[in-house]
Amino acid sequence: MAKITIEIDQQDAQAIERILHELAHARTKHPLFPRIPTSQLSILAEEFGEVAKDINDDKDYRTEVAQVAAVCIRMLR
Ligand SMILES: [Mg+2]
């Protein structure tokens, strides 16, 4: 495990906490993440589509945005 210390404002800290929460949830629910970029892209596209749906349905889309960010983190590893 690594530990990082950074100074950011409260709203950014809450956003990052939200992303880390979704990342942990995704890793528990789907421990295996594909290595094939096109498969990763499919997952990212699905989550992006869920953001679009929530926006179109006039719902709070922030959880889906955090899930997009969590997928991006998994893609960056
Ligand atoms: Mg989602």
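How far apart are the axes of α2 and α3, and at roughly what angle do they cross? In this predicted model, the axes come within 8 Å and cross at roughly 165 degrees.

**Figure 1. Overview of the three helices of the predicted chain.** The chain holds three helices and zero strands, and its elements run α-α-α from the N terminus on. Along the principal axes, the C-alpha atoms fill a box of roughly 35 × 35 × 20 Å. Of the 77 residues in the chain, 12% are buried. Among contacts with a separation of 6 or more, 56% join residues 24 or more positions apart.

**Figure 2. Helix α2, residues 37-56.** This helix has 20 residues and reaches 28 Å from its first C-alpha to its last, close to the 28 Å expected at 1.5 Å a residue. The number of buried residues among the 20 of α2 is one, so the helix lies largely in the open.

**Figure 3. The contact of α2 with α3.** Since their axes cross at roughly 165 degrees, α2 is roughly antiparallel to α3. The crossing in which α2 passes α3 is left-handed. From α2, the contact draws on Gln40, Ile43, Leu44, Glu47, Phe48, Glu50, Val51 and Asp54. These residues meet Glu64, Val65, Gln67, Val68, Val71 and Met75 in α3. By class, the residues of this contact divide into eight nonpolar, two polar and four charged.

**Figure 4. The contact of α1 with α3.** Helix α1, residues 10-29, packs with α3 at an angle of about 65 degrees, and the two axes are 8 Å apart. That angle makes α1 roughly perpendicular to α3. The two helices cross in a right-handed sense. On the α1 side, the contact is made by Arg18, Ile19, Glu22, Leu23 and Ala26. On the α3 side, Arg62, Ala66, Gln67, Ala69, Ala70 and Ile73 take part. Seven nonpolar, one polar and three charged residues make up the contact of α1 with α3. An α-helix has 3.6 residues a turn, so residues three or four places apart point the same way.

**Figure 5. Helix α3 and its buried residues.** Helix α3 covers residues 62-76. Its 15 residues reach 21 Å from the first C-alpha to the last, close to the 21 Å expected at 1.5 Å a residue. The buried residues of α3 are Glu64, Val65, Ala66, Gln67, Val68, Ala70 and Val71. What covers these buried residues includes α1 and α2. Among them, Gln67 is listed in the contact with α1 and also in the contact with α2.

**Figure 6. Asp58 in the loop between α2 and α3.** Most residues other than glycine have a negative phi. Is Asp58 buried or exposed? Asp58 counts as exposed, because it has 7 C-beta neighbours inside 10 Å, and a residue with 12 or fewer is classed as exposed.

How values were computed:
Residues are numbered from 1 along each chain as its sequence is written. This is a predicted model: local features need pLDDT of at least 70, side-chain atom pairs count only at pLDDT 80 or more; totals for chains, interfaces and linings use all residues. Helices (H or I, at least four residues) and strands (E, at least two) are DSSP runs, numbered from the N terminus. The expected span of a helix is 1.5 Å times one less than its number of residues. Axes are lines fitted to C-alpha atoms, for helices over the stretch in contact, and angles run from 0 to 180 degrees between N-to-C directions. Angles under 35 degrees count as roughly parallel, over 145 as roughly antiparallel, 65 to 115 as roughly perpendicular and the rest as oblique. A crossing is left-handed if the near helix is turned anticlockwise from the far one by less than a right angle, and right-handed if clockwise. Two residues are in contact if their C-beta atoms, placed from the backbone, lie within 7 Å. Ala, Val, Leu, Ile, Met, Phe, Trp, Tyr, Cys and Pro count as nonpolar, Asp, Glu, Lys and Arg as charged, and the others, Gly among them, as polar.
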